[in-house]
Structure formats: structure tokens, C-alpha cells
Amino acid sequence: MADKGAVPLHGEESGENPPDHQKNSQVQDDVVEWRDELTPREIVRELDKYIVGQEEAKKSVAIALRNRWRRQRVEGELRDEILPNNLILIGPTGVGKTEISRRMARLAGAPFVKVEASKFTEVGYVGRDVESMVRDLVDTSVNMVRAEREVDVEEEAERRVEERLLDLLLPLTARTEAATREALEGPKGPSGAGAPHLFVAGPEGVRPEPLGGEGGEQLTPQARRARTREKLHNLLQEGALEDREVEVEVSQSPSLEGMMIPMGGFEGMDHNFTEMLQEMLPKRTKRRTVSVAEARRILLQEELDRLVDMDEVINEALDRAEDSGIIFLDEIDKIAGERGGVGPDVSREGVQRDLLPVVEGSNIQTKYGLVRTDHMLFIAAGAFHVSKPSDLIPELQGRFPIRVELHSLGEEDFVRILKEPKNALLHQYGALVETEGASLEFTEDGVREVARIATQLNERLENIGARRLQTVMTTVLEDLLFGLPEEGRSKIVVDAEFVRTRLSTILEDEDLRRYIL
């Protein structure tokens with residue numbers, strides 16, 4: 001039996017996936033790149049930096065992750081026969097089921113998506129079908145690979161953006177073209193007299209100048225324009241032109257507003273139906289006047305779109321999703337119930353039947369093509385307060401052969417959670433206070449008092465695990481964070497007396513304790 005364990009509060013089972021379209025969102029400084037020598041012990045060691053305790057669960061996911069690497073090196077037909085060992089993590093809320101899986105996916109650099117089993121409905125009902133989680137995983141994989149490709153071509157894209165910005169700042173208008181042609185071919189007209197002029201664009205605007213340089217030297221129009229362009233290039237690199245306005249052409253996605261939408265929206269319809277409609281409708285362009293800083297952002301995205309080969313991105317993304325994708329299926333206990341029941345139990349069992357072929361391996365249609373789920377790793381999690389794993393249909397139970405129980409958290413666990421992880425709650429609040437020019441210090445007895453109160457509240461009220469620390473810490477520091485900018489304090493010490501003083505009124509009042517803590 002493993003020792004009681006805990007997990008860091010930050011990011012723990014938040015219930016949300018990272019934004020799909022945020023560029024380079026998967027490139028994290030604290031993520032260890034997958035290496036061939038990353039053994040199960042090293043995986044657990046990396047997980048220990050963010051997750052306290054729960055050794056049994058970390059050991060199980062480390063073995064599952066290493067087995068995926070081992071399978072890639074098996075030769076012959078046997079490689080396709082080796083299936084992943086799907087897991088069920090059993091434990092109350094707030095003990096770290098989601099955080100373990102999320103950190104594991106980041107260690108492997110694998111596509112990862114978290115879904116709620118309770119949101120799925122049986123085929124034929126309005127709502128999300130179970131295959132949508134595979135499509136979400138493929139989208140995540142495409143965004144991940146695309147972000148990596150964008151990093152590779154970012155330098156070239158920035159160089160191209162600078163050239164386009166110079167073209168916008170120094171446009172070759174009809175007047176400048178005529179002046180250049182006249183300077184090259186000679187003045188037009190019966191007399192042919194008059195010195196050639198060239199219209200030069202500078203920071204003050206476009207002005208005519210004689211076709212000559214400093215000291216009377218004759219410069220060609222191309223040389224004059226190149227010299228002006230070089231001056232603007234230097235100003236651009238120095239950031240002196242960021243507030244200048246330029247006109248750019250941007251494309252607008254077609255709006256589906258006003259179209260007939262079925263009841264319940266697009267949730268229950270075919271895969272990515274909204275994207276398909278938008279691709280069918282013609283795209284419109286619009287000219288906007290924006291600052292150079294905003295134009296750089298718009299043009300950079302356009303250049304990245306041109307430089308990144310999406311066919312190559314999609315091919316690699318599909319391979320990653322099929323061979324190393326991880327789907328975290330949370331709240332699986334909410335679709336478990338007595339078999340053969342009536343009412344909601346019928347729908348729950350229907351979701352399990354729909355889920356079964358996806359977990360055991362099937363072809364799922366996505367907008368990028370067919371994707372096989374045979375070698376995707378599925379990690380299910382649930383508290384199982386009302387139901388139990390044996391309430392799942394037998395076929396689905398067999399597809400989750402490994403069951404790991406995570407332990408409830410106690411006072412000593414909370415003390416470690418507050419202090420040990422890299423993203424510990426005390427470190428987070430300390431960093432926030434430092435932005436105001438002050439320092440925040442928690443004494444040992446202050447930390448233990450916070451842990452004691454959190455444990456006491458979990459026993460008296462609903463047990464929400466490590467999330468209780470967030471509510472306690474927010475209440476303790478509420479007045480301090482509110483008045484910190486005006487008070488000008490340089491050092492703040494939080495001890496046990498400080499914690500008790502801030503929480504004494506709430507702890508004594510049963511009604512306040514229920515609604516505030």
C-alpha cells in the first residue's frame with residue numbers, strides 16, 4: 001500500500017483543456033522533452049516536481065508511458081498487436097487524477113485531451129457523441145505539430161514581415177513610378193529641359209528631391225529608394241515606427257449568422273460541420289488601417305501560414321494522435337449505473353456501448369481523414385462514490401485492465417502541497433505580491449495552520465481535496481491583497497495568529513463557513 005499522497009493545487013483537475021488555437025501553447029519551459037533514456041523512475045522523478053505523493057498512481061502511468069516507447073521499437077507484425085494498457089484512476093475529487101495525466105502527456109510531448117464523460121449522449125439524442133473526443137485529440141495534435149513547425153520557420157517569417165512592412169511604409173505609387181521612369185529615360189516634352197526629380201518617402205511623407213546625393217553626386221532612382229528604405233529599416237528595428245499607421249488587407253471568415261441552425265446547435269451533427277460550412281462559403285477581404293505593431297502581428301500569421309506545409313503537418317499529426325495520443329475520460333462514474341435499469345440508467349448504458357468500440361479500436365472520421373484508435377491510451381477517472389467500477393458494462397471493464405486507487409488527503413499532505421511542488425500555492429502568491437514591490441513570507445506554524453483549517457473544513461463540509469487550500473488561502477489574503485498597493489508595505493509575514501485572526505469569524509459561524517469556505 002502506497003503512502004498517502006497529494007498533488008499540487010495549481011492546475012489540478014481544472015476541467016479545461018488549453019486553448020486549441022493559441023500558438024506555441026505547448027512549448028513550455030518546464031516541460032521535459034521526451035528522451036529515449038527517460039525511464040519509469042525518471043518519469044516518476046519528473047512528476048514528483050509537481051505532484052506530492054500518490055506513488056502508486058505515478059508508478060502505473062510511468063509504466064504505461066514507457067510501454068508506448070517500447071512498442072515503437074518492436075519490429076515486425078507483433079508491433080501492431082501490442083495494445084496500450086488503459087487505466088482507471090479511482091479517488092475523490094481534488095486528489096490529482098487529472099494533474100497526473102496532464103503532466104505525463106507533457107513529459108512525452110504527446111497530444112492530450114480531457115473530456116467529461118457526463119457530457120456525452122447516446123447516438124440519436126441531442127448532444128455530443130463519443131467520437132467527438134477523438135476529433136478533439138486530432139485537432140490538438142495538428143495544433144501541436146503546427147506550433148513546432150512555426151518555431152522552425154519563425155526567423156524567416158519575421159524577415160519577410162519586415163520586407164512587407166517596408167513596402168507599406170514606402171509604397172511605390174504611380175507618381176514615384178513616373179518620376180523613376182522620367183529619371184531613367186530622360187524628361188518628356190518638347191524642350192526636354194529640367195533637372196530630373198525623384199519622389200522620396202520619408203518619416204514626414206513623400207517629397208520630391210533632385211536626382212542627386214550629398215556633395216552633388218548623381219544617384220539612380222533605385223539607389224535613392226534603397227537608401228531611404230534602409231533608413232526606414234533601421235527605424236523599424238529600433239521600434240521608432242511602432243505607432244505609425246499603415247493599411248493592410250485582412251481576410252474575414254464567413255459568418256454563419258442568420259443561417260438555419262438545428263435545435264441544440266451543431267453539437268450532434270457530423271464532424272466539424274461548422275468548419276465545413278465556413279470553407280464552402282466565400283471568404284471576404286477588408287482593408288484596415290492599423291499601427292505597425294498590429295500590422296506585424298497580422299502579417300506574421302500570414303507568412304507563417306505560407307511557410308508551414310500543412311499537408312506535412314497533418315500527416316505527422318495523425319501519426320502522433322494514433323500512436324501516442326492520450327485521452328483523459330473524466331467523471332466516468334457518472335455514466336455507470338445498474339445494468340438493465342430505467343430512466344437515466346438507460347442513456348448511461350447507451351453511452352458506454354458507444355464508448356466501447358472507440359476504446360477497443362475503430363476508425364473515426366475526422367476532417368483530416370480516418371483515424372484509428374487502436375493504440376491511443378485512454379485514462380478514465382472517477383470518484384465512484386455512488387457507483388463502483390463493476391457497475392460498468394463488462395466489455396468496457398475489460399478495456400480498462402489497470403485500476404489505481406488514489407488516497408484522500410490529510411493535514412500533512414496539505415503542508416507538503418503548500419511548500420514542495422515547483423508551482424506550489426505559496427510560491428504563486430509570493431510572486432504576485434512581489435509585483436507590488438513587497439515580499440510575502442509564511443512561517444512554519446502559519447503553513448500548518450492553513451493546512452489544519454483546510455483539513456477540518458473537508459471533514460465538516462464536503463471533501464473537495466486540495467482545492468480547499470485555494471479557498472482558505474484566498475480568504476486569508478483577501479484584505480491584504482486588496483490594500484497592498486496603497487499601504488506600501490515591504491515585507492509581510494503570515495503566521496498562525498495571522499491566519500486565525502482572518503478566519504475566526506467565518507469559522508465560528510456555521511452559515512458563513514458553508515458559503516465562503
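The model is predicted.

The chain holds 19 helices and 13 strands. Of its 517 residues, 44% are buried. When contacts between residues at least 6 apart in sequence are considered, 77% join residues at least 24 apart. The exposed surface comes to about 27,400 Å². Carbon and sulfur atoms supply 49% of that surface.

In soluble globular proteins, nonpolar side chains tend to be buried together. In this model, the largest nonpolar core contains 59 residues. Within this core, L440 and L477 touch the most other members. Helix α15, spanning residues 444-460, gives the most to the core, with six residues. The surroundings of L477 can be listed in detail. Beyond its neighbours within four places in sequence, L477 contacts Y429, L440, F442, V494 and F498.

Strand β2 covers residues 112-116. Five of its five residues are buried, so the strand is largely enclosed by the rest of the structure. Both faces of β2 are covered. On one side, F112, K114 and E116 are buried. On the other, V113 and V115 are buried as well. The partner of β2 is strand β7, residues 326-330. The two strands run parallel and are joined by five bridges.

Helix α4 comprises residues 97-108 and includes R103. The relative accessible area of R103 is 10%, which is under the 20% cut-off, so the residue counts as buried. The side chain of R103 makes a polar contact with that of E99. The contact distance is 2.8 Å.

T39 is found in the segment before α1, the helix formed by residues 40-48. Its relative accessible area is 30%, so T39 is classed as partly exposed, between the limits of 20% and 50%. T39 and L65 are 26 residues apart along the chain. Their C-alpha atoms are separated by 9.3 Å.

Notes: Residues are numbered from 1 along each chain as its sequence is written. This is a predicted model: local features need pLDDT of at least 70, side-chain atom pairs count only at pLDDT 80 or more; totals for chains, interfaces and linings use all residues. Side-chain values use heavy atoms; hydrogens and water are left out. Helices (H or I, at least four residues) and strands (E, at least two) are DSSP runs, numbered from the N terminus. Buried means under 20% relative accessible area, exposed over 50%, partly exposed in between (1.4 Å probe, protein chains only). Contact means heavy atoms within 4.5 Å. Accessible areas come from the Shrake-Rupley method with a 1.4 Å probe; for residues, only the protein chains shown count as cover. A nonpolar core is a set of buried Ala, Val, Leu, Ile, Met, Phe, Trp, Tyr and Cys residues joined through side-chain atoms within 4.5 Å. Two strands pair if DSSP finds at least two bridges between them. A polar contact is a pair of N or O atoms within 3.5 Å; within protein, one must be able to donate a hydrogen and the other to accept it, and residues adjacent in sequence count only if both atoms are side-chain atoms.
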